[in-house]
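Subject: Structure handover

Hello,

Here is the structure I promised you. Please open it next to this email and follow along.

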Amino acid sequence: GGRLWLTEGIDYNSKPRVDAGQSIIVLEDNDGDGRAESSHVFVTEKLRPAPLGIAVFDNRIVLSATPSVIVYTDVNRNAVFEPDIDQRELVEAI
């Protein structure tokens, strides 16, 4: 089994159409057959423009959202961002 992390780009290069923002979504293959059995939202952010890329390093999720980078640390490793438990760091471009 495994996880595939992806970002939405609904509002990329267009007028905002989604009020809630863009989401990071986690697809999970629980039985190892190469097909996702489930999916859920890790976090939804109001970002303009839409995110451009994502990388996952253990429990750290790095989101490229020009002109910034957002680093989430999933402290309890449950693949859901919980503001009271997990950490969010905004790294501004210089």
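What percentage of the 94 residues in the protein is buried? The share is 31%. Buried means under 20% relative accessible area, exposed means over 50%, and partly exposed lies in between (1.4 Å probe, protein chains only).

Two notes on the source. This is a predicted model, where local features need pLDDT of at least 70, side-chain atom pairs count only at pLDDT 80 or more, and totals for chains, interfaces and linings use all residues. Residues are numbered from 1 along each chain as its sequence is written, and side-chain values use heavy atoms, with hydrogens and water left out.

**The overall layout**

The protein has 7 strands and 0 helices. Both are DSSP runs, numbered from the N terminus: helices are H or I with at least four residues, strands are E with at least two. Along the sequence the pattern reads β-β-β-β-β-β-β.

4 strands form an open sheet, in the order 4-5-6-7, with antiparallel pairing. Two strands pair if DSSP finds at least two bridges between them. Strand 4 and strand 7 (87–92) are the edge strands, and each pairs on one side only. In general, strands of a sheet pair through backbone hydrogen bonds, either parallel or antiparallel.

Now look at strands 4 and 5. They pair in the antiparallel sense over 5 bridges. One example is V56, whose bridge partner in strand 5 is I61.

**The core**

The largest nonpolar core has 13 residues. Such a core is a set of buried Ala, Val, Leu, Ile, Met, Phe, Trp, Tyr and Cys residues joined through side-chain atoms within 4.5 Å. W5, I24, F42, V43, I61, L63 and Y72 touch the most other members. Strand 2 (22–29), strand 3 (38–45), strand 5 (60–65) and strand 6 (68–73) each give two or more residues to this core. Strand 5 gives the largest share, 3 residues. In soluble globular proteins, nonpolar side chains tend to be buried together.

G53 lies in strand 4 (residues 53–57). Why does G53 count as partly exposed? Because its relative accessibility is 22%. Leaving aside residues up to four places away in sequence, G53 touches V62, L63 and S64. Contact means heavy atoms within 4.5 Å. G53 and S64 are 11 residues apart along the chain, and their C-alpha atoms are separated by 5.0 Å.

Best wishes
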